[in-house]
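Please look over the structure shown below before reading on.

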Amino acid sequence: MTNLRVRFIRHQEISPELRIKIEELDHLAFAGDDIDNDPEFANIRWATPDWMALGFLNEELVTQLSMPKREIMVGTERVWVAGIGGMATHPKHHHKGYGSALLKATETFMRNELQVSFGLLICADETQPFYKLARWQRAADLLYYHQDNQRRELHTSVMILQLQNQTWLTGKIDLCGTPW
């Protein structure tokens, strides 16, 4: 794991060659995932991230995640978050600590570079233990998002990570845009 090199790249600065590697890793990591067949997720248009966190062994992309930065609403309060989405590790590198190392480096990046108060992600129930090991906490089972000029509900596990000296707010979570 010590030889994992993590790079943070603005989404718009990703080269065409690297974009192909990212898409290939997505395909490998999420092959057989039934999210597209789940009516809850089938018609969602996912947000374009601001950043990508990429983990390399030599020149091989082995783990990745996308990261939008957005002001959301929690109850009646506005709060800045960095989202974690599309976290994927190449199947041949599972259980070697690379995803955990990427998540840890991303925590530092969100805190120091993006200077947001919280990380926020949505995940399946079966992936919650992975995030709980990294100190993420379940915050809700429902959030709201906006698509096609409509406010919509998404019933899923929402997890947050406290990054600054601020307590998570109470109330309904509205992503004020599409989910990630």
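Of the 180 residues of the protein chain, 46% count as buried, where buried means under 20% relative accessible area with a 1.4 Å probe and protein chains only, exposed means over 50%, and partly exposed lies in between. This is a predicted model, in which local features need pLDDT of at least 70 and side-chain atom pairs count only at pLDDT 80 or more, whereas totals for chains, interfaces and linings use all residues. Residues are numbered from 1 along each chain as its sequence is written, and side-chain values use heavy atoms, with hydrogens and water left out.

The radius of gyration of the protein chain is 16 Å, which agrees with the value near 16 Å for a compact globule of 180 residues; this radius is taken over C-alpha atoms, and the globule rule is 2.2 Å times the number of residues to the power 0.38. The C-alpha trace spans about 45 × 40 × 30 Å along its principal axes. The protein chain holds three helices and nine strands, these being DSSP runs numbered from the N terminus, with at least four residues (H or I) for a helix and at least two (E) for a strand.

Strand S6, residues 118-123, has six of its six residues buried. Phe118, Leu120 and Ile122 are buried on one side of S6, and Gly119, Leu121 and Cys123 are buried on the other. Two strands pair if DSSP finds at least two bridges between them, and the pairings of S6 are set out here.

| Partner of S6 | Sense | Bridges |
|---|---|---|
| S5 (residues 77-89) | parallel | four |
| S8 (residues 150-162) | antiparallel | six |

Within these pairings, leucine 120 of S6 is the bridge partner of glycine 83, while leucine 121 has methionine 159 in S8 as its bridge partner. S5, helix H2 (residues 98-114) and S6 together make a right-handed β-α-β unit, right-handed meaning that, with the strands pointing away from the viewer, the path from the first strand over the helix to the second runs clockwise.

Aspartate 125 lies in the loop between S6 and helix H3 (128-133). Although aspartate 125 and serine 157 are 32 residues apart in sequence, their C-alpha atoms are 6.6 Å apart in space. A polar contact of 2.7 Å joins the side chains of aspartate 125 and serine 157, a polar contact being a pair of N or O atoms within 3.5 Å of which, within protein, one must be able to donate a hydrogen and the other to accept it, and residues adjacent in sequence count only if both atoms are side-chain atoms. The side chain of aspartate 125 also makes a polar contact of 3.0 Å with the side chain of glutamine 128.
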